[in-house]
Amino acid sequence: MTGLSGRTAIVTGAAQGIGRATALRLARDGARVVLVDRVPAACSRVGDEIRKAGGAAEVVEADMETREGVEDMVEETLAVAGSIDIAVNNVGGAIRTKPFHEFDDEEIQQEISRTLWPTLRGCHAVIPHMMQRRQGAIVNIGSVAVRGIYRVPYSAAKGGVHALTACLAMELAEYNIRLNCVAPGAIEANRVIPRNLAGPTEAEKMYRKDMLEQTLGDTCMQRMGTAGEVADAVAFLAGDDASYITGQVLYVSGGG
């Protein structure tokens, strides 16, 4: 248990997968969780799960790929909760799986917009509030994909997440704000909301198979992880048990 009673935690992309698991875990540890997603109906179901278990949850609809959406998220959170103690920047995910030379420029921009900007802007938006209070914990979600195949634009975006975590930790240590990153490996997750609305092509299905084989082949434990295992690491880094840890990328990837 990380003992988060009395603290407010934002979790972006909270409607499913790692975001949902993290929201449930932080709520179980006593945090008041603000669930952020651009699909409010699915996010509301997670909120219902938390409240039925005796936890506290609020739902904020926001598109984290836009500056306006990120600003609205912070404004609404402060309106309903009064403070932000923890921010988990989880929005992101590869849209397409194929060799880099097959991506066109628009597809590359879509991957960066989906995976880098929400975390970069998410940090930028909450930091002034945390600086004013001289406290806070930010946990960004990275990826083992920074050393993998067939998702180069996504991998580059996650590499940016790893870098901004380390650099911001150096800038903000004097304000008692800690920044860390959890980098999952291959994770079992049933997606409710697909990232690629057009669906993968047959070629992309084959590339995805090759990508998963490469990822698992490089994983010492030779299995996929669960969203809950990632959430456990996020909760640890968000809590006081990690009070002397900042600027780190923690791989939750079975040794991958």
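Analyst: The protein chain has 8 helices and 9 strands, where helices (H or I, at least four residues) and strands (E, at least two) are DSSP runs numbered from the N terminus. Its radius of gyration, taken over C-alpha atoms, is 17 Å, close to the 18 Å that the globule rule gives for 256 residues, so the chain is as compact as a globular protein of that length; the rule is 2.2 Å times the number of residues to the power 0.38. This is a predicted model, in which local features need pLDDT of at least 70 and side-chain atom pairs count only at pLDDT 80 or more, while totals for chains, interfaces and linings use all residues. Residues are numbered from 1 along each chain as its sequence is written, and side-chain values use heavy atoms, with hydrogens and water left out.

Along its principal axes, the C-alpha trace spans about 50 × 35 × 35 Å, and 50% of the 256 residues count as buried, that is, under 20% relative accessible area, with exposed meaning over 50% and partly exposed lying in between (1.4 Å probe, protein chains only). Of the contacts with a separation of 6 or more, 73% come from residues 24 or more positions apart, contact meaning heavy atoms within 4.5 Å.

Helix H6 (residues 152-172) packs with helix H4 (residues 105-115) at an angle of about 35°, the axes being 8 Å apart. Axes here are lines fitted to C-alpha atoms, for helices over the stretch in contact, and angles run from 0 to 180 degrees between N-to-C directions. The crossing of H4 and H6 is right-handed; a crossing has that hand if the near helix is turned clockwise from the far one by less than a right angle, and is left-handed if anticlockwise. From H4, Ile108, Glu111, Ile112 and Thr115 meet Pro153, Tyr154, Ala157, Lys158 and Val161 of H6, a set that divides into 6 nonpolar, 1 polar and 2 charged residues. In this scheme Ala, Val, Leu, Ile, Met, Phe, Trp, Tyr, Cys and Pro count as nonpolar, Asp, Glu, Lys and Arg as charged, and the others, Gly among them, as polar.

Val161 of H6 also takes part in the contact with helix H5, which covers residues 117-133 and packs with H6 at an angle of about 15°, with the axes 11 Å apart. H5 and H6 are therefore roughly parallel to each other, since angles under 35 degrees count as roughly parallel, over 145 as roughly antiparallel, 65 to 115 as roughly perpendicular and the rest as oblique. Their crossing is right-handed, and Thr119, Leu120, Cys123, Ile127 and Met131 of H5 meet Val161, Leu164, Leu168 and Leu172 of H6, giving 8 nonpolar, 1 polar and no charged residues.

Helix H1 (residues 17-28) and helix H8 (residues 227-238) pack with their axes 8 Å apart, at an angle of about 50°, and are therefore oblique to each other. This crossing, too, is right-handed; the H1 side of the contact includes Gly17, Ile18 and Ala21, and the H8 side includes Ala227, Gly228 and Val230. By class, the contact of H1 with H8 has 8 nonpolar, 3 polar and 2 charged residues.
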